[in-house]
Amino acid sequence: MTAAPPPLIQVQALAKCYQVGAVRFPALRGVDLTVDRGELTVVAGRSGSGKTTLLNLIAGLEQPTRGSVRVAGEEFSGWDRDARAAFRLHHVGFVFQAFNLVRVLSARENVAFVCQLQGRDRRTCFELADHWLAEVGLEGLGDRRPDQLSGGHQQRVAVARALAVTPDIVLADEPTANLDSATALALVELLQHINQEFGTTFLIASHDHHVIDQARRLVRLEDGRVVTGVEPTPRLTPEEACPGPHRLLRHRVLKLLADLGCSRCRPQGT
Ligand code: ADP
Ligand code: MG
C-alpha cells in the first residue's frame with residue numbers, strides 16, 4: 001500500500017499581525033488549513049475576516065508572524081523576496097477581483113506573457129494561450145484588447161492566464177466581486193468545470209453567495225480564525241500621489257508583474 005500524498009497546501013497555526021504605528025492588529029489568529037491536490041476550496045467570511053491575508057501568505061507575498069505555510073512541499077520561512085517570487089511564478093496562478101489585465105496587450109498576449117516570463121518559448125506560450133482561451137469559452141476573441149471585452153470575458157482571460165502557467169494551484173481573490181449575478185454564476189461554473197475536467201486545484205476567497213452556495217468545500221473565516229460549523233491612509237511616494245498617465249500605467253504593470261512572480265519587475269516605491 002502506498003502512503004497518501006502530502007497535502008498541496010499545509011497551513012499550521014498561522015498568524016499575521018499588522019503593525020500600524022503603535023497599534024498591532026491580528027489579521028490572522030492561528031489558522032489551520034490543508035488543501036489536497038485537485039480540490040476546489042472556498043474561503044468565505046465577511047470583509048475584514050482575513051481572506052486576502054491568508055491568500056497572500058500562501059502565495060508568499062507576505063511573511064507570517066507565527067506559524068507556517070507549506071506549498072507543494074516547500075516552506076517559505078527564510079526565503080527572500082526574490083526566491084518567493086520565483087516560486088510563485090512557477091507554481092501559483094492568480095485571478096484577481098479587478099481582472100488585472102494589461103490593457104495595451106491583446107487577450108492572447110495577456111495569457112502568454114506570464115508563461116513567457118517563466119522562460120518558456122514564445123510559440124509554446126501562444127499555443128497554450130489559444131488552448132486555454134478556447135477552454136474558457138473565448139475562442140476567436142484572442143486578438144481583442146481588454147477594453148474590447150465585457151467584464152465577464154476579461155475575467156475569463158485572467159483565468160486562462162492563471163492556467164497557462166501550469167500552476168500547482170490557482171488562487172482567486174474575490175473573482176466575482178466586479179461581475180453581475182448571471183456573469184458571476186457563469187464564472188463559478190467555469191471554475192468548477194476546469195477543476196473537474198483538468199484536476200486544477202483552486203483556493204477561492206469570496207463573500208459572494210454565488211460562490212459560497214456552489215462550494216463543495218467551504219472554510220469560514222471570522223476575525224482571523226477558522227470557524228466551523230484603523231489604518232491611516234498609506235503613505236504614497238510623490239510619483240504614486242501625482243502620477244502622469246504613462247508613469248501610472250508603468251507602475252501598475254510592474255506591480256502586477258511583481259505580484260505574479262517576476263522578481264525583476266518591482267516598481268519604485270514598493
Ligand atoms: P478580507 O480579505 O477578508 O476582507 P483582509 O485579509 O484584507 O480581509 O484583512 C483582514 C484584516 O487585516 C482587516 O481588518 C484589515 O484591515 C487588516 N489588514 C489587511 N492588510 C493590512 C495591512 N497591510 N496593514 C494593516 N492592516 C491590514
Ligand atoms: Mg479581501
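This tour moves through the structure stop by stop, saying what to select and what is there.

**Before you start**

This is a predicted model, in which local features need pLDDT of at least 70 and side-chain atom pairs count only at pLDDT 80 or more, while totals for chains, interfaces and linings use all residues. Residues are numbered from 1 along each chain as its sequence is written, and chains are lettered from A and ligands numbered from 1 in the order in which they are written.

**Stop 1: the two domains**

Colour the chain by domain. Domain 1 covers 9-16 + 23-229 and domain 2 covers 237-270; these bounds come from an automatic or database domain assignment. Taken over C-alpha atoms, the centres of the two domains are separated by 21 Å. Now show the contacts across the boundary (two residues are in contact if their C-beta atoms, placed from the backbone, lie within 7 Å). Here 11 residues of domain 1 are in contact with eight residues of domain 2. On the domain 1 side, α2 (81-91) and α3 (107-117) each supply at least two residues, and α2 has the largest share, with five residues. Helices and strands here are DSSP runs numbered from the N terminus (helices: H or I, at least four residues; strands: E, at least two).

What is the make-up by class of the side of domain 1 that touches domain 2? Eight of its residues are nonpolar, one is polar and two are charged. In this scheme Ala, Val, Leu, Ile, Met, Phe, Trp, Tyr, Cys and Pro count as nonpolar, Asp, Glu, Lys and Arg as charged, and the others, Gly among them, as polar.

**Stop 2: the open sheet**

Next, select the six strands of the open sheet, whose order is β6-β7-β8-β3-β9-β10, with mixed pairing. Two strands pair if DSSP finds at least two bridges between them. Each of β6 (92-95) and β10 (225-227) has a single partner strand, so these two stand at the edges with one side lacking a neighbour in the sheet. On average, neighbouring strands of this sheet are turned by 25° against each other, direction ignored. Axes are lines fitted to C-alpha atoms, for helices over the stretch in contact, and angles run from 0 to 180 degrees between N-to-C directions.

Walk through some of the pairs:

- β7 (residues 169-173) and β8 (residues 201-206) are parallel, with five bridges; look for Ile169 opposite Thr201.
- β3 and β9 also run parallel, joined by four bridges, and Thr41 stands opposite Arg217 in β9.
- β9 and β10 are antiparallel, with three bridges, and Glu222 has Arg225 in β10 as its bridge partner.

The β9 and β10 pair is a hairpin with two residues between the strands, and Asp223 in the turn has a positive phi of about 50°.

**Stop 3: Leu203**

Stay in the sheet and pick Leu203, in strand β8. Is Leu203 buried or exposed? Leu203 counts as buried because it has 25 C-beta neighbours inside 10 Å. The cut-offs, with C-beta atoms placed from the backbone, are 20 or more other C-beta atoms within 10 Å for buried, 12 or fewer for exposed, and partly exposed in between. Leaving aside residues up to four places away in sequence, Leu203 touches Val35, Thr41, Val43, Leu55, Ile58, Ile169 and Leu171.

**Stop 4: helix α1**

Select α1 (51-58). This helix lies across β3 (40-44), β7, β8 and β9 (217-222), at about 150° to β8. Six of the eight residues of α1 are buried: Lys51, Thr53, Leu54, Leu55, Leu57 and Ile58.

**Stop 5: ligand 1**

Finally, centre on ligand 1. Of the 13 residues around it, Tyr18, Ala27, Lys51, Thr52 and Thr53 come nearest (a residue is near a molecule or strand if its C-beta atom, placed from the backbone, lies within 6 Å of it). α1 gives the most to this shell, three residues; β1 (9-20) and β2 (23-35) are also among the elements giving two or more. By class, the shell has four nonpolar, seven polar and two charged residues.
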